[in-house]
Amino acid sequence: YGTTLDANNRFYLGGELNLNLAHYNQINNVYGLGVSIIPGLMVTDNTMIYGRVGFAGMFTTHKYHQKDYGDQLGLGAQTSISKNWDVRAEYTHFNIE
């Protein structure tokens, strides 16, 4: 979710929650959870470049119950292709320790 912040609709600020689920076999499930702040700049009426700053975690149900947390940083671009559809390309780095 996000909105533009100025009268010219050029500066954008948004937030995002994400959840990832994966099932590798009968004993190992992996879950990911993250939250990000997404500041952006509208370069045209339909296209935005943005950054991502956030926090993410990964959890496994394997017998060791591994849990890893860390920050995430990214850059991307998003453009509208219709009223209800956008296309996004993004690089995100997860620094999980």
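Let's start at Asn-9. This residue is partly exposed, with a relative accessible area of 45%. One reminder before I go on: this is a predicted model.

Why pick Asn-9? Look at its backbone. Its phi is positive, about 55°, and Asn-9 is not a glycine. Most residues other than glycine have a negative phi. Where does Asn-9 sit? Its place is the loop between strand 1, residues 2–4, and strand 2, residues 11–25.

Now the strand pairing. Take strand 5, residues 67–80, with strand 4, residues 47–60, beside it. These two pair in the antiparallel sense, over 13 bridges.

How many residues does the hairpin from strand 5 to strand 6 run through? Five.

Gln-78 stands opposite Arg-88 in strand 6. Gln-72 has Phe-94 of strand 6 as its bridge partner. While you are tracing these strands, keep the general rule in mind. In a regular strand, side chains alternate between the two faces of the sheet.

Last topic, the largest pocket. It holds about 190 Å³ of space. Its lining has 14 residues. Which of them are closest to the centre? Those are Asn-20, Gly-32, Leu-33, Gly-57 and Met-58.

Next, the elements behind that lining. Strand 2, strand 3, strand 4 and strand 6 each give two or more residues to it. Strand 3 covers residues 28–42. Which strand gives the most? Strand 3 does, with five residues.

To recap. Asn-9 has a positive phi and lies in the loop between strand 1 and strand 2.

Definitions and conventions. Residues are numbered from 1 along each chain as its sequence is written. This is a predicted model: local features need pLDDT of at least 70, side-chain atom pairs count only at pLDDT 80 or more; totals for chains, interfaces and linings use all residues. Side-chain values use heavy atoms; hydrogens and water are left out. Two strands pair if DSSP finds at least two bridges between them. Helices (H or I, at least four residues) and strands (E, at least two) are DSSP runs, numbered from the N terminus. Buried means under 20% relative accessible area, exposed over 50%, partly exposed in between (1.4 Å probe, protein chains only). On a 1 Å grid over the protein atoms alone, a cavity is a set of points where a 1.4 Å probe fits but cannot get out, and a pocket is an open set with protein on both sides within 12 Å along at least five of seven lines; lining residues have an atom within 4 Å of a point. Grid points are joined across faces, edges and corners, and a volume is the space filled by probe spheres set on the points.
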